[in-house]
Amino acid sequence: MSNTRVLPLIEPEAADAVAPCCPPLTERAFTAEEAETAARMFKALSDPVRLRLFSAVASHPGGEACVCDISDVGVSQPTVSHHLKKLKDAGLLTSERRGTWVYYRVEPSVLAAMGKLLTIAPAAA
């Protein structure tokens with residue numbers, strides 16, 4: 001029996017309700033706080049190993065992955081743990097310990113918020 005649980009898909013209207021960290025890049029200049037928040041996310045994803053880990057978790061069946069399923073990225077296990085911690089610290093991943101394993105997931109709201117950040121702002125009427 002598997003301990004994996006399936007996360008519900010985010011409905012399009014629910015994704016629209018997500019408040020992004022920042023306005024779309026084309027809407028206006030960021031405040032200092034908005035720039036800090038966005039930079040933290042992008043900095044965490046700027047490392048190729050972290051980006052591979054983030055992608056592995058996001059694309060894993062069921063929306064979450066055990067660290068044992070995603071650690072084959074060409075670096076040692078302690079380095080994988082270090083990179084996963086950086087992704088968690090940036091708010092991109094959440095985790096849950098189950099016995100001896102840690103399961104990671106990307107919250108759908110995080111992806112929706114990142115997508116809103118990178119959209120073109122609607123033209124002013």
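Helix axes are lines fitted to C-alpha atoms over the stretch in contact, and angles between N-to-C directions run from 0 to 180 degrees. The structure described here is a predicted model, in which local features need pLDDT of at least 70 and side-chain atom pairs count only at pLDDT 80 or more, whereas totals for chains, interfaces and linings use all residues. Residues are numbered from 1 along each chain as its sequence is written, and side-chain values use heavy atoms, with hydrogens and water left out.

Helices and strands are DSSP runs numbered from the N terminus (helices H or I, at least four residues; strands E, at least two). Helix 3 (residues 48–59) packs with helix 5 (residues 77–89) at an angle of about 75°, the two axes being 10 Å apart. That makes helix 3 roughly perpendicular to helix 5, a class that covers angles of 65 to 115 degrees, with those under 35 counted as roughly parallel, those over 145 as roughly antiparallel and the rest as oblique. Contact is taken as heavy atoms within 4.5 Å; by this criterion Val49, Arg50, Leu53 and Phe54 in helix 3 meet Val80, His82, His83, Leu84, Lys86 and Leu87 in helix 5. The residues of this contact divide into 6 nonpolar, 2 polar and 2 charged, where Ala, Val, Leu, Ile, Met, Phe, Trp, Tyr, Cys and Pro count as nonpolar, Asp, Glu, Lys and Arg as charged, and the others, Gly among them, as polar.

Apart from its neighbours within four places in sequence, Leu93 is in contact with Phe54, Val57, Leu84, Leu87, Lys88, Tyr104, Arg105 and Val106.

An open sheet is formed by 3 strands in the order 1-3-2, with antiparallel pairing, two strands being paired if DSSP finds at least two bridges between them. Strand 1 (64–66) and strand 2 (94–98) stand at the edges with a single partner strand each, so one side of each is left without a neighbour in the sheet. Strand 2 is joined to strand 3 (residues 101–105) by 5 bridges, and Ser95 stands opposite Tyr104 in strand 3.

Trp101, which lies in strand 3, is partly exposed, with a relative accessible area of 41%; buried means under 20%, exposed over 50% and partly exposed in between, with a 1.4 Å probe and protein chains only. Beyond its neighbours within four places in sequence, Trp101 is in contact with Cys66, Val67, Cys68 and Glu96.
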